[in-house]
Amino acid sequence: VIGVAAVITMVTLGNGATRSVSDQISSMGSNLLIVVPGQRFGPGGDGAPAFKREDAEAIHAQIGAARLVAPVVSKSITAVYLANNWSTVVSGTNDDYFEAGNWEVAEGRVFSDAEERAGKSVCVLGETVRDKLFGGQNPVGSEIRVKDFACEVIGLLKSKGQSAMGNDQDDVVIMPLRTVQRRISGTTDVNRVMVSVSSGASIDSTKDQITSLMRERRKIGDDEDDDFRVMDTRQITQTLTSTTRILTGLLAAVAAVSLLVGGIGIMNIMLVSVTERTREIGTRLAIGALEREVLLQFLIEAVVLASLGGLVGIALATVASIGLAKLMSVPYLFNPGINLLSFVFSAAIGVIFGYFPARRAASLNPIDALRHE
């Protein structure tokens, strides 16, 4: 029971975690490439020069498969509404950002082309910012203070929750790129460029084209390394999901040890049963029972015992998996393969560990067995 329940629960929760990671990365955007300066992860980017808005415009104009291109600059700010204030991140970008990043608008609208060009003081809030500043109120039409200027809230985004990296995707204020550059960052720098590749186009080919274009624009020589990275969300998905699968396999292997221990327990129980029923075995052999019939009797008992334990373990694992999946906020994914494999394995444990006691019972001498006290 314990062995089967442990194995199934570990594998089920591992599969749920893998699916959760995959879904969170998918929420970042489909067919998405992210171009960032520097080769090192984290802030600073090896001191590599930042991108400019013109770089994003060049990608949009010269890369045919680039369906949506969104330059993004992010800064930490404190947003204020009446007596409430909240430290968050403001992202300056264009209208392509919302579709490329799979954002949906819950209330209001996103900014227009005219507002982008003019650098208007308008913003769209994430769910976390709305909750901290406005509580349950609809923020659309209100004004918040960012740094030293007022910004009109024109939209509210639907919640996305945590990302695969653990940060809150809803803790964001989104403004037009020119507004953030002019009023907050004070530069024309762009932190990253998000590129959504057209459906059916080769992501790898598009990635190579962007790399060549950026090398040309940043005047990188043939013998010099790139001072930027083109990240593919597919690669991030593969890396993280493969990690969770390895951890799931390790946890399942540890849990499988309890199956082995359970098998040894069954063997001990059947050995005691043979000892206690020695006179019964002798009587059966004396009146004509064959050795194979006695062997089969005790073997079937062991298999039935192990199989019943497997069935109870499956039921227990289902209850535990559903409860723990809710607790861990991961989806519950019923896996018929691991359930069937665990049951077959438990029956096999009954055969393997039940054979030795059954063999001992079948090989008893009838005279000695009848004489046994």
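Leu311 is found in helix H10 (residues 291-328), where helices (H or I, at least four residues) and strands (E, at least two) are DSSP runs numbered from the N terminus. The model described here is a predicted one, in which local features need pLDDT of at least 70 and side-chain atom pairs count only at pLDDT 80 or more, whereas totals for chains, interfaces and linings use all residues. Residues are numbered from 1 along each chain as its sequence is written, and side-chain values use heavy atoms, with hydrogens and water left out.

Together with Leu296, Ile300, Val304 and Leu308, Leu311 makes a nonpolar surface patch of about 470 Å². Such patches are made of residues with over 30% relative accessible area and no salt bridge, like charges being joined within 9 Å and nonpolar side chains (Val, Leu, Ile, Met, Phe, Trp, Tyr) within 5 Å; the accessible areas come from the Shrake-Rupley method with a 1.4 Å probe, and for residues only the protein chains shown count as cover.

In helix H9 (residues 278-286), Thr278, Ile281, Gly282 and Leu285 are buried. These residues cover an arc of only 100 degrees around the axis, which puts them on the same side of H9; the arc is that of the directions from the helix axis to the C-beta atoms. Buried means under 20% relative accessible area, exposed over 50%, and partly exposed in between (1.4 Å probe, protein chains only). Helix H9 is followed by Gly288, whose phi is positive, near 115 degrees.

Strand S3 (residues 66-81) pairs with several other strands, pairing being assigned if DSSP finds at least two bridges between two strands. With strand S4 (residues 84-93), S3 runs antiparallel and is joined by nine bridges, and Ser76 stands opposite Val89 in S4. The two strands form a hairpin with two residues between them, and Leu82 in the turn has a positive phi of about 55 degrees. Six bridges, also in the antiparallel sense, pair S3 with strand S11 (residues 192-197), in which Arg192 stands opposite Val72. The antiparallel pairing of S3 with strand S7 (residues 143-146) is made over two bridges, and the bridge partner of Val80 in S7 is Arg145.

Nine salt bridges are held by the structure, a salt bridge being a side-chain nitrogen of Lys or Arg within 4 Å of a carboxyl oxygen of Asp or Glu. One of them joins Glu104 to Lys158, with the closest N and O atoms 3.3 Å apart. Glu104 lies in the loop between helix H3 (96-100) and strand S5 (105-108), and Lys158 in the loop between strand S8 (149-157) and strand S9 (172-176), so the pair ties together parts that are 54 residues apart in sequence. Glu104 is partly exposed at 48% relative accessibility, and Lys158 is partly exposed at 42%.

Arg130 and Glu127, whose closest N and O atoms are 2.3 Å apart, form another salt bridge; both lie in helix H5 (residues 127-134), three residues apart, about one turn of the helix. Arg130 is buried at 11% relative accessibility, whereas Glu127 is partly exposed at 24%. The side chains of Asp227 and Arg218 also meet in a salt bridge, at 2.8 Å from N to O, and Arg218 is buried at 15%.

The structure holds zero disulfides, a disulfide being a pair of cysteine sulfur atoms within 2.5 Å. For Cys123, the nearest cysteine sulfur is that of Cys151, 3.0 Å away. Cys123 is buried at 0% relative accessibility, and Cys151 is likewise buried at 0%.
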